[in-house]
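Thanks for coming. I have one structure to go through today, and I will take it piece by piece.

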Amino acid sequence: MARNTNRPARKKKTWKEMSTSSKVGTILVGIVQMSLLVAAQRDISRRPAALINGPKAAWRAASFVNFVGPMGYFIFGRKRASAS
């Protein structure tokens, strides 16, 4: 597929060029990402290895992948409580 050479390349905006709402959105997304990371790391540290699907080290590494890692850990990494 040929590239369109008529369109000029987009220049990335610097922080100063961003609108206030864009800055607030970026900060909020960063806070959510860091909160998920901290929550996942803390849960991995406190949860016994027997209650985690797979090795703890693998889940620790995976939790550093933006949003996908921590959410994957919370959905797939923790073993469910057995119904007794």
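A term before the details: I call a residue buried when its relative accessible area is under 20%, and exposed when that area is over 50%. Keep in mind that this is a predicted model.

Now the overall picture. The C-alpha trace spans about 65 × 35 × 25 Å along its principal axes. Buried residues account for 20% of the 84 residues. Taking contacts between residues at least 6 apart in sequence, 49% join residues at least 24 apart. The accessible surface of the protein chain is about 6,900 Å², and 64% of that belongs to carbon and sulfur atoms.

Let me start with helix H3, residues 68-77. Which residues of H3 are buried? They are Gly-69, Pro-70, Gly-72, Tyr-73, Phe-74 and Gly-77. Helix H1, residues 20-46, and helix H2, residues 56-62, are included in what covers them.

The largest nonpolar core has six residues, and Tyr-73 and Phe-74 are among them. As a general remark, nonpolar side chains in soluble globular proteins tend to be buried together.

Trp-59 deserves a separate look. What does Trp-59 contact, leaving aside its neighbours within four places in sequence? The list takes in Ile-44, Ile-52, Asn-53 and Gly-54, and then Gly-72, Tyr-73, Phe-76 and Gly-77.

Next, charges. How many salt bridges does a search of the whole structure find? The search finds three.

One of them pairs the side chains of Lys-11 and Glu-17, at 3.3 Å from N to O. Lys-11 counts as exposed because its relative accessibility is 64%, over the 50% mark. Glu-17 has a relative accessible area of 41%, and is therefore partly exposed.

The other two involve Asp-43. Its side chain meets that of Arg-47 at 2.9 Å, N to O, and both of these residues are buried. Asp-43 also forms a salt bridge with Arg-78, where the closest N and O atoms are 3.8 Å apart. That pair links distant parts of the chain: Asp-43 lies in helix H1 and Arg-78 in the segment after H3, 35 residues apart. Asp-43 is buried because its relative accessible area is 16%, while Arg-78, at 25%, is partly exposed. Through shared partners, the salt bridges join Asp-43, Arg-47 and Arg-78 into one network.

Last, the surface. Trp-15, Val-24, Ile-27, Leu-28 and Ile-31 make a nonpolar surface patch of about 480 Å². Trp-15 sits in the segment before H1. Is Trp-15 buried or partly exposed? With a relative accessibility of 44%, Trp-15 counts as partly exposed.

Terms used: Residues numbered from 1 in each chain as written. Predicted model: local features only at pLDDT ≥ 70, side-chain atom pairs only at ≥ 80, totals over all residues. Heavy atoms only, no water. Buried < 20%, exposed > 50% of the residue type's maximum accessible area, 1.4 Å probe, protein only. Helix = DSSP H or I, 4+ residues; strand = E, 2+ residues; numbered from the N terminus. Contact = heavy atoms within 4.5 Å. Salt bridge = Lys/Arg side-chain N within 4 Å of Asp/Glu carboxyl O. Core = buried A, V, L, I, M, F, W, Y, C linked by side-chain atoms within 4.5 Å. Areas by Shrake-Rupley, 256 points an atom, 1.4 Å probe, with all protein chains shown as cover. Patch = residues over 30% accessible without salt bridge, like charges linked within 9 Å, V, L, I, M, F, W, Y side chains within 5 Å.
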